[in-house]
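Take a moment with the sequence and the fold before reading on.

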Amino acid sequence: MNQKKSTQLLAPADHFSVLLSPTPRGARLARLLAADWMRVRGLPYRVAEAAEHLVAELAANAATHGRLPGRSFRLVLLVRGATLRIEVTDTRGDDLPRRSPPGPDAESGRGLLLVEAFADRWGVQLGPVPCKTVWAELDLAQPRPAETSQAPDPGRVCSGAVGGLLQGRLPEGKEPNQAPPLPPTERVHSRE
């Protein structure tokens, strides 16, 4: 029987999966591959940036704490509806992630704090033995502003966010986004 093989170009998949070595190089490659996949898919910048940090942290944890000689870790990225899910599976199901406050001089121990800060949701799933999967989810849709937030006031100086750097009224005679006056000059220089 002659069966013809056909090649078909597909749109970017809603999922990505790859096995990587549990080394610093494998963790770095995980971040680079994830960044490229998200760029091709056209994910919103704020999601892609947060996801890149999450992949870097989860992959580094898998390479550091989930490492067994000869065993790889798996990175999976899934888009389901309006959610991006990041999964990192390693072969150390006996060593679950623990959040503990690091000492002020500690060089590590802040990874799960970063995961909590960047992810909308995260957790750990056991199995199949001897594996564990640490996952994090990011909402793709922009969060809606709170009902109590005020509309921007063009006469108010701020960074654009609640708790901005400078807040207060503009001085008299100053327009929003107006550059400060130039200092007086003694002489005018020319290229003559």
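Contact here means heavy atoms within 4.5 Å. This is a predicted model, in which local features need pLDDT of at least 70, side-chain atom pairs count only at pLDDT 80 or more, and totals for chains, interfaces and linings use all residues. Residues are numbered from 1 along each chain as its sequence is written, and side-chain values use heavy atoms, with hydrogens and water left out.

Start at T83. It is found in strand β3; helices (H or I, at least four residues) and strands (E, at least two) are DSSP runs, numbered from the N terminus. Leaving aside residues up to four places away in sequence, T83 touches L78, R121, E137, L138, D139 and L140. T83 is buried, with a relative accessible area of 18%. Buried means under 20% relative accessible area, exposed over 50%, and partly exposed in between (1.4 Å probe, protein chains only).

Now the sheet. It is open, with 5 strands in the order β1-β2-β3-β5-β4 and antiparallel pairing. Two strands pair if DSSP finds at least two bridges between them. The edge strands, each pairing on one side only, are β1 (15-20) and β4 (121-126). Further in, 7 bridges join β2 (residues 73-80) to β3 (residues 83-90).

Two helices come next. Helix α1 (residues 24-41) lies across β1, β2 and β3, at about 20 degrees to β2. Helix α2 (residues 45-64) packs on the sheet too, touching β2, β3 and β5 (132-139), and its direction makes about 10 degrees with that of β3. Axes are lines fitted to C-alpha atoms, for helices over the stretch in contact, and angles run from 0 to 180 degrees between N-to-C directions.

Finally, the core. The largest nonpolar core has 32 residues, and W37, M38, L75, L77, L84 and I86 have the most contacts inside it. Such a core is a set of buried Ala, Val, Leu, Ile, Met, Phe, Trp, Tyr and Cys residues joined through side-chain atoms within 4.5 Å. Helix α2 gives the most to this core, with 10 residues. M38 touches L43, A48, A51, E52 and L84, not counting residues up to four places away in sequence.
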